[in-house]
Amino acid sequence: MSDILALIKDKSLTYHQKLYSLGMSAENTLDCLNFSGEAQRFFKENIICDLHEGSAPYKPRYIVPNYEKFLENGSEFLRLEPPKNLLEACNALLILYKNVPSITSFPVYLGNLDTLLNPYIKNEDYAYDILKSFLIHIDRTLTSSFVHANIGPKRTLCGEMILTIMKELKNTVPNLTLKYKKDVTDDKFLLKAIENVIETASPNFANDDIYQKDFKSKYGIVSCYNALPIGGGAHTLIRLNLKNLALSYQNFDHYLKKGLPHAVKIMSEIIDERSRFLVEESGFFESSFLVKENLIEKDNFLSMFGIFGMAEAVNCYLKDEKYGHSEKAHGLTLQILEVLENETSKIKSPYCYYSNGRPFLHAQSGISSDKDVSPGCRIPIGDEPDLFESISYVSEFHKYFPAGISDIFSFESTVKNNPQYLLDVIKASMKKKLRMVNFYTHDSDLIRITGFLVKKSEIEKRKSGTPSLNDATVLGEEAVLNCKTYERRIQK
Amino acid sequence: MKIAYINKTISFSAVDGPGNRMAIFFQGCQFDCIYCHNSETINKCTSCGLCIKECSTKALFLSSINKSPGWAKDKCIECDACLRKCPHSSSPKYLSLGLDDLLTCVKKVSDFISGVTLSGGEVLLQIEFVEFFVRKLKEKKISVFIDTNASVPWEFFERILPYVDQFMIDLKAYDNKDHIKLTSKNNNLAMQNIYKLGKLKKIYEVRTVISEDFFDCFKTVKKISVFISNLDKDIQYKLIKYRSHGLRKKKFREPSDDLMNKLKAETIKSGLNSVTIS
């Protein structure tokens, strides 16, 4: 009770942030989920973490509406006719966005904006003004860095306008990904996006060729860098701390053959229990207008199996070598990934409808309270080798993660005199089958934390007690402290 | 000769020409610039052995084969204590590499790079090797840029012109008296070679390091920019701020941003299409 009162009186939170936290507090007074003793032990020992999803899941963690269908048909529930022009289309989308739930309370996916809106563009100047207002509206009302829009892979007038506007506005919201497809995404579009990267640390670059192979239908990049089916989403994402699991197994062989399979079994139990409550008890899929109007379908949902702390887990089994710098470490990592791949492929969850019962692996980006444990399979911050070695090291890991993985690289600002450099690096990274890469220049105000963007200036303001509109600023502030974000190697 | 003395290779460089380039730094230079930021590339090792005791990780040892320092790269923490100790503007860490060694290095990163830039030291002092190397790179359709002070016989350029896409030239000063003060050599050969290369449209960029302690900055950049503008207005002119890092003990004044901007404005009047500050 005193925690809730403290929350109510917290002057560093906005009204919406308080409301959200109060909702979470209420939810967490419930005890609706039944876990085995072993699962509870895994939670207690921080081997498994539910990423604060809440004790009574009443909405899917991530929802990825089919915005194409929405613009084609309108919405009966929202009393919207199909839009006839750009202003109506943007207005309709904004209205729908406010009605899409998620773990953060804001939509984690805004659509492939350029392909959605390009058909409505008739007058360029007028379109520019509308798109600019649209994007400012998103930044000021969907106040979370996990709100994510996609563009590409083909260059369009709308895609170029969005990039121009976002470079001008320098906002942290929305998170933006350009889907790169070889022979479709031209250098002109890429170079324009690179100009944005140099100033705003955005967009991210996703490997469309690889992702599209993993999804039998269209996919979107959502939240940090998660990949999920359009018209569907994820019930839940929970994550396995590979480092903490390794602490129980002194012998790598035991870790591989006993520890991991057992952990996968427990993860599967927890995923199923959380999904069960959502699907069978919460009533979400029966009551949501998104389902009734086929903007999402239950059959397009799956669950996400997250992992993190790979570097520290592998280091437990090395003597004078380290993850990121050693072939032996690389080999151990691949062995762990192969086991995870095999064990998760055996799972037959009744709720992973989209993926024949199998939860998709996801290299979880970490949360701000993580200390001394690295996101996903990333090389620990401050310990990174040079760029070529870093990319070569992680490239073989990306294929295991259809639900998303990314690597982040920081650069000297001299790169702004040579954008072709980043073009070469992006294209080669895609050729080497990385799923997603993110870049930023170390002296820019916008900085990529673990997958989402925050302004350094907003972090500084928060330190003096001033509330920040963007919910994610708090996370950024914690991450800088715990995860040493500012110490990421600056590639020269 | 099919062995080259290589100070180091950098797999990815954003600052050695357009795009992502592998940069290969050759050992040896005929200049001795008072502000050299990588003076450990100037001379060959004399095997005096003074550096060996400086190494705290035992990465250096006396090689019994040829009595020159051996270097265990895996033990090196790159503290540069050995370089600071060296009285000969050299390094115990440069390697003797064959053609195949270097081609293997290039192949490893070839998916990532726009091309290769040869730098140093002064690359063209090892012309025999360089000619073979650039010919091979051209066969593999890899773009080649060369960083040079251009103070070598024109004949060296003639040998490699068909295989090198562009040159990037460090022109230290315009007036000979300034050039000799900075490098201990005159710039007659460099100016002649720049003229010829410029007319052949083989110059990507000319660079000059700026400090008020080196010369009259305004006069120098004006004369250089007019000179190169008359050859080819597409040559990029880069004004490099002197920075005091590097092993040279004597330090000079670092120019202010304001001065650099004024110098840039002065050079633009020459009609060059691109003038940048670095």
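Me: What makes the strands β5-β1-β2-β6-β7-β8-β9-β10-β11 of chain B an open sheet?
Reply: In this predicted model, 9 strands of chain B follow one another in that order with mixed pairing. Two strands pair if DSSP finds at least two bridges between them. At the edges, β5 (95-98) and β11 (275-277) of chain B each pair on one side only. Neighbouring strands are turned by 30 degrees against each other on average, direction ignored.

Me: How do you know that β10(B) and β11(B) pair?
Reply: DSSP pairing asks for at least two bridges, and 3 bridges join β10 (residues 236-241) of chain B to β11(B), which run parallel. One partner pair is B:Tyr237 and B:Val275.

Me: Which strands join β2(B), and how do they run?
Reply: Strand β1 (residues 3-13) of chain B is joined to β2(B) by 5 bridges and runs antiparallel to it; B:Lys8 has B:Phe25 as its bridge partner. On β6 (residues 115-120) of chain B there are 6 bridges to β2(B), and these two run parallel. There B:Phe26 stands opposite B:Gly120.

Me: Why is β2(B) called largely enclosed?
Reply: Buried means under 20% relative accessible area, exposed over 50%, partly exposed in between (1.4 Å probe, protein chains only). Because 6 of the 6 residues of β2 (residues 21-26) of chain B are buried, the strand is largely enclosed by the rest of the structure. B:Arg21, B:Ala23 and B:Phe25 point one way, and B:Met22, B:Ile24 and B:Phe26 the other way.

Me: What are the strands and numbers based on?
Reply: Strands (E, at least two residues) are DSSP runs, numbered from the N terminus. Residues are numbered from 1 along each chain as its sequence is written, and chains are lettered from A in the order in which they are written. Local features need pLDDT of at least 70, and side-chain atom pairs count only at pLDDT 80 or more.

Key. Heavy atoms only, no water. Helix = DSSP H or I, 4+ residues; strand = E, 2+ residues; numbered from the N terminus. Axes fitted to C-alpha atoms, helices over the stretch in contact; angles between N-to-C directions.
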